[in-house]
Amino acid sequence: YTPMGAIFHPIDAIALVLILGGVFAIGIWVSWRSRGAQASSDFFLGGRDMTWWAIGGSLFASNIGTEHFVGQAGSGAASGIPVALYEWTAGWLIVLLGEFFAPVYLRSGITTIPEFCEKRFGAPTRVLVSTLSLLACVVTKISATIFAGAILLQVVAGWTLWESVPAIVFATGVYTVGGGLQAVMFTDVLQALIFLIGG
């Protein structure tokens with residue numbers, strides 16, 4: 001591959017810095033604003049007071065990541081329309097989640113799915129579900145997203161994987177740990193706007 005130095009103009013660099021700076025600034029601002037939150041529901045559920053547009057924008061942006069832009073775009077180019085069926089199915093599953101499962105979780109007053117499993121099946125099940133969920137998420141979703149983001153930074157900025165991966169993990173970790181779901185949702189809303197405007 002050839003780094004994009006020849007076609008990466010200063011205006012591209014300015015746009016990239018503004019977008020990444022905006023995402024990071026929103027995340028830090030929400031983290032700072034919610035620094036007094038103590039309950040786990042404040043961290044995991046955004047204090048239960050998020051508006052519909054923030055929830056919808058976050059759902060949209062959370063389901064689109066670097067693995068889509070780097071991996072699925074290439075798979076779609078090579079294989080055609082069948083690759084899109086995966087995402088079309090996911091849309092229906094999100095509707096089912098909101099219509100049938102979310103009311104059960106809300107009525108139960110739970111914060112996380114492992115908490116629901118503990119109430120229903122006992123503490124060992126909570127530990128098992130937490131462990132399996134974390135492993136599955138790290139091995140499948142997070143690793144692919146970070147790797148695809150690192151590939152993108154390698155092509156666009158000429159960074160190595162050893163430079164890109166820690167930068168991505170640190171930047172997202174700072175505002176996620178500091179602000180919880182609210183910080184993630186508001187940064188997702190900005191990213192959803194960027195996805196829609198930028199195509």
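1. Setting aside residues up to four places away in sequence, S164 touches A150, L153, Q154 and W159, where contact means heavy atoms within 4.5 Å. S164 belongs to helix α8, which spans residues 161-198; helices here are DSSP runs of H or I with at least four residues, numbered from the N terminus. S164 has a relative accessible area of 0% and is therefore buried (buried means under 20% relative accessible area, exposed over 50%, partly exposed in between, with a 1.4 Å probe and protein chains only).

2. This is a predicted model, in which local features need pLDDT of at least 70 and side-chain atom pairs count only at pLDDT 80 or more, while totals for chains, interfaces and linings use all residues. Residues are numbered from 1 along each chain as its sequence is written, and side-chain values use heavy atoms, with hydrogens and water left out.

3. The largest nonpolar core consists of nine residues, namely V23, V30, M50, A54, Y175, A183, M185, F186 and V189; such a core is a set of buried Ala, Val, Leu, Ile, Met, Phe, Trp, Tyr and Cys residues joined through side-chain atoms within 4.5 Å. Helices α1 and α8 each supply at least two residues of this core, and its largest share, five residues, comes from α8.

4. M50, one of the core residues, is in contact with I55, Q182, M185 and F186, leaving aside its neighbours within four places in sequence.

5. I26 lies in helix α1, residues 10-33, and counts as partly exposed because its relative accessibility is 25%. Not counting residues up to four places away in sequence, I26 touches F186, T187 and L190. I26 and Y175 are 149 residues apart in sequence, yet their C-alpha atoms are 8.6 Å apart in space.
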